[in-house]
Amino acid sequence: MIVLTLTDCPIALRGDLTKWLLEINTGVYVGRVSARVRDYLWERVVRNIKNGRATLVYTANNEQRMEFRLHHSGNEIVDFDGLKLVRKPSPARTQHLKEKRLGFSAASKMRMARRKRCNKLPMENNTSQIITNKTSFPDDYVILDIETTGLDPNKHEIIEVGALLIRRNALEAKYTALLKVYTAIPVFIQKLTGINETMLAERGRDKNEVLEELRCFIGDNVILGHNVHFDLDFLNAALSRLGMGVIENQFLDTMELYSQQFTVKNKRKKLSEIAKQCGVNVEQKHRALNDCYLLKAVYDSIRVNFETK
């Protein structure tokens, strides 16, 4: 059973929802649908509701027997000893969390998030400022990599995530998961990753659960990735569509780090190319967790090169 409540909802979207749910009052929909349909409807709502607000409540196998999601809400979902509650933040907390005021579109949130990330670490126009001393190579960080069905975070889907938690420059924990998607996987993606639709149907997990777990795994750590803007843009687009905010952690990019350490004509080199030039063996398939281990080896190689200069 699900209950979906919408305010300022476009008429076209309301009409589309009635194909699946019963509208018992203006903007209030109820019905019994599968988890697949539920997630599809929620993503459709988030994409099309513009500046309207949405709340989804549905039955779940937990202590409360329910889960809920919010979009464009002034409230926030909090975990209280395993129970999920909705809290209206105080003005001080809202400022502390840097939450956006009601009315910003998802696209606006993405642009603001990018600007904040760019302010935290200098990018291409002044990358020489990133590495100034050995402290620019943190010992504690999270390595992140994702696999997707394409290159557009607003059109394509995340199909796999991988992450490694590094403490004192040593592996402490790892996280990986396949995600259920309901669109076709292009043939070239299947050949590149070895991930096919059968694998996702059998082993893929709910997108909402995976993204929530991944955010907890990342925490407030520095994120290390290769062309990390790509991964963060995809994650933030997916999180925003689910009403889960965005990731605003500081980050490092091995593509940027490598370009600073070596004279290269093309800064946008593939991870496998940089790995080979760093003397790192590349044999495994292009999968999220495999690439995380490869990233660790490349990062260590770049770091050693810097520290021995």
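Author: Let us begin with contacts, where contact means heavy atoms within 4.5 Å. Among contacts in the protein chain between residues at least 6 apart in sequence, 62% join residues at least 24 apart. This is a predicted model, in which local features need pLDDT of at least 70 and side-chain atom pairs count only at pLDDT 80 or more, while totals for chains, interfaces and linings use all residues. Residues are numbered from 1 along each chain as its sequence is written, and side-chain values use heavy atoms, with hydrogens and water left out.

Reader: How many helices and strands are there in the protein chain?

Author: The protein chain has 11 helices and 12 strands. Helices (H or I, at least four residues) and strands (E, at least two) are DSSP runs, numbered from the N terminus.

Reader: What share of the protein chain do buried residues make up?

Author: Of the 309 residues, 47% are buried. Buried means under 20% relative accessible area, exposed means over 50%, and partly exposed lies in between, with a 1.4 Å probe and protein chains only. The accessible surface of the protein chain comes to about 16,400 Å², and carbon and sulfur atoms hold 51% of that surface. Such areas come from the Shrake-Rupley method with a 1.4 Å probe; for residues, only the protein chains shown count as cover.

Reader: Why is D231 called buried?

Author: The relative accessible area of D231 is 2%, so D231 is buried. D231 is found in helix 8 (residues 228-241). Not counting residues up to four places away in sequence, D231 touches L144, D145, I146 and H226.

Reader: Why does L242 count as buried?

Author: L242 has 4% relative accessibility and therefore counts as buried. L242 is placed in the loop between helix 8 and strand 12. Its contacts, leaving aside neighbours within four places in sequence, are W42, R69, L70, K207, N208 and L211. L242 and V45 are 197 residues apart along the chain, and their C-alpha atoms are separated by 9.5 Å.

Reader: Why does G245 count as partly exposed?

Author: The relative accessibility of G245 is 37%, so G245 counts as partly exposed. G245 also lies in the loop between helix 8 and strand 12 (251-253). Leaving aside neighbours within four places in sequence, G245 is in contact with R215, N236, L239 and S240. From C-alpha to C-alpha, G245 and L70 are 10.0 Å apart in space, although 175 residues apart in sequence.

Reader: How do you know that the span of helix 7 agrees with what it should be?

Author: The expected span of a helix is 1.5 Å times one less than its number of residues. Helix 7 (residues 207-218) has 12 residues and should therefore span 16 Å; its end C-alpha atoms are 16 Å apart, which agrees. Its buried residues are K207, N208, V210, L211, L214, F217 and I218.

Reader: What caps the N-terminal end of helix 7, and what follows helix 7?

Author: D206 is the cap: a side-chain oxygen of D206 lies 3.1 Å from the backbone nitrogen of N208. After helix 7 comes G219, whose phi is positive, near 60 degrees.

Reader: How does the reach of helix 2 compare with the expected one, and what do its buried residues pack against?

Author: Helix 2 (residues 35-48) has 14 residues and reaches 20 Å from its first C-alpha to its last, close to the 20 Å expected. The buried residues of helix 2 are V37, R38, D39, L41, W42, E43, V45 and V46. They pack against strand 1 (2-7), helix 1 (11-17), strand 4 (53-59), strand 5 (66-71), helix 7 and helix 8. K50 follows helix 2 and has a positive phi, near 60 degrees.

Reader: What is the phi of R168, and why does R168 count as exposed?

Author: R168 has a positive phi of about 55 degrees although it is not a glycine. Most residues other than glycine have a negative phi. R168 lies in the loop between strand 9 (158-167) and strand 10 (170-178). Its relative accessibility is 69%, so R168 counts as exposed.

Reader: Why does N169 count as partly exposed?

Author: N169 has 27% relative accessibility and therefore counts as partly exposed. N169 lies in the loop between strand 9 and strand 10, and has a positive phi of about 65 degrees although it is not a glycine.

Notes. A polar contact is a pair of N or O atoms within 3.5 Å; within protein, one must be able to donate a hydrogen and the other to accept it, and residues adjacent in sequence count only if both atoms are side-chain atoms.
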